[in-house]
Amino acid sequence: MAELAALDDPKARAVNEKHGDDHGVNLGKLRALAKRLKTQQELARELWATQDTAARLLALLVCRPKAFGRDELDAMLRGARTPKVQDWLVNYVVKKNPHAEELRLVWTADPDPVVASAGWALTTERVAKKPEGLDLPGLLDVIEAEMKDAPDRLQWAMNHCLAQIGIEHPEHRARAIAVGERLQVLKDYPTSPGCTSPFAPDWIAEMVRRQAPPVA
């Protein structure tokens, strides 16, 4: 904890706080510290228990993802507090845990939009890597009905799922694009030069273009 406190940079903290993250540790330095510590599950649990955001991010880098129980992960998500901790918890830990599918179903149906957004993030992972058994038309139905008025984090997660369906599944691409065009979600989102817009029709078009074989 003393080492993390020494790494805290007020300028980085000010930037992070604009995104809802209350820490000031450079993530590159945090990863270097995690690399030095290597995997330590008990230390990870102790770091998580501090409730300090930088400590929790470090915990997620040094833990054993498969060592957590289902209820433990559920409690961790609900108590995660900040967007970066929630994001890393889902992507670095839950996706690698044997309870991921069970949690996906529970979280997607949760009334808390932040918890539901984690469920949608796990659904997006399945759309891309393991779509067998998913009802893709049903997912598009839900997105079409609910994404426009969803709170920010949930809307972002549903939009990512919409784009992923369009990118990975050509048979659903036209409908995914049509849903995006009709809802206009993130159409005017500021995008840096060289970056792909999060507006689903543009995102789908760009990723499909990149996947196309080069013309001889």
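**Figure 1. Alanine 55 in helix α5 of the predicted model.** Alanine 55 counts as buried because its relative accessibility is 0%, where buried means under 20% relative accessible area, exposed over 50% and partly exposed in between, with a 1.4 Å probe and protein chains only. The residue belongs to helix α5, residues 53-62; helices (H or I, at least four residues) and strands (E, at least two) are DSSP runs, numbered from the N terminus. Apart from neighbours within four places in sequence, alanine 55 is in contact with Met1, Leu4, Leu47 and Thr50, contact meaning heavy atoms within 4.5 Å. Between alanine 55 and methionine 1 there are 7.1 Å from C-alpha to C-alpha, although the two are 54 residues apart in sequence. This is a predicted model, in which local features need pLDDT of at least 70 and side-chain atom pairs count only at pLDDT 80 or more, whereas totals for chains, interfaces and linings use all residues. Residues are numbered from 1 along each chain as its sequence is written, and side-chain values use heavy atoms, with hydrogens and water left out.

**Figure 2. Leucine 60, also in helix α5.** Leucine 60 is located in α5 and, with a relative accessibility of 4%, counts as buried. Setting aside neighbours within four places in sequence, leucine 60 is in contact with Trp48, Met76, Val85, Trp88, Leu89, Tyr92 and Val93. Valine 90 lies 30 residues away in sequence, and its C-alpha is 9.8 Å from that of leucine 60.

**Figure 3. The buried side of helix α6.** In α6 (residues 70-78), the buried residues are Leu73, Asp74, Met76 and Leu77. These residues are on the same side of α6 because they cover an arc of only 160° around the axis, the arc being that of the directions from the helix axis to the C-beta atoms. An α-helix has 3.6 residues a turn, so residues three or four places apart point the same way. The cover over the buried residues of α6 includes α4 (41-49), α5, α7 (83-93), α8 (100-108) and α9 (113-129).

Figure 4. A nonpolar core is a set of buried Ala, Val, Leu, Ile, Met, Phe, Trp, Tyr and Cys residues joined through side-chain atoms within 4.5 Å. The largest such core has 33 residues, of which Trp48, Leu58, Leu60, Leu73, Leu89, Val94 and Trp107 touch the most other members. Two or more residues of this core come from each of α3 (27-37), α4, α5, α6, α7, α8 and α9. Helix α5 gives the most, with seven residues. Leucine 73 is in contact with Phe68, Leu89, Val93, Val94, Asn97, Leu103 and Trp107, neighbours within four places in sequence being left aside. A second, separate core of 26 residues includes Ala116, Cys161, Ala176 and Val179.

**Figure 5. The largest pocket.** The largest pocket holds about 1,100 Å³ of space. Among the 38 residues that line this pocket, Pro83, Lys84, Asp87, Arg153 and Trp156 are the closest to its centre. At least two lining residues are supplied by each of α2 (10-17), α7, α9 and α11 (152-168), and α9 contributes the largest share, nine residues. The lining consists of 18 nonpolar, eleven polar and nine charged residues; Ala, Val, Leu, Ile, Met, Phe, Trp, Tyr, Cys and Pro count as nonpolar, Asp, Glu, Lys and Arg as charged, and the others, Gly among them, as polar. On a 1 Å grid over the protein atoms alone, a pocket is an open set of points where a 1.4 Å probe fits, with protein on both sides within 12 Å along at least five of seven lines, and lining residues have an atom within 4 Å of a point. Grid points are joined across faces, edges and corners, and a volume is the space filled by probe spheres set on the points.

**Figure 6. The second largest pocket.** This pocket has a volume of about 250 Å³. Its lining includes Lys95, Lys96, Asn97, Glu101, Arg104, Glu125 and Arg126. Helices α8 and α9 are the elements that give two or more residues to this lining, and the largest share, four residues, comes from α9. By class, the lining has three nonpolar residues, one polar and eight charged.

Figure 7. Aspartate 110, in the loop between α8 and α9, counts as buried at 16% relative accessibility. Beyond neighbours within four places in sequence, aspartate 110 is in contact with Arg78, Val115 and Ala116. Lysine 38, in the loop between α3 and α4, has a phi near 60°, a positive value in a residue other than glycine, and counts as exposed at 59% relative accessibility. Arginine 81, in the loop between α6 and α7, has a positive phi of about 75° although it is not a glycine; its relative accessible area of 44% makes arginine 81 partly exposed.
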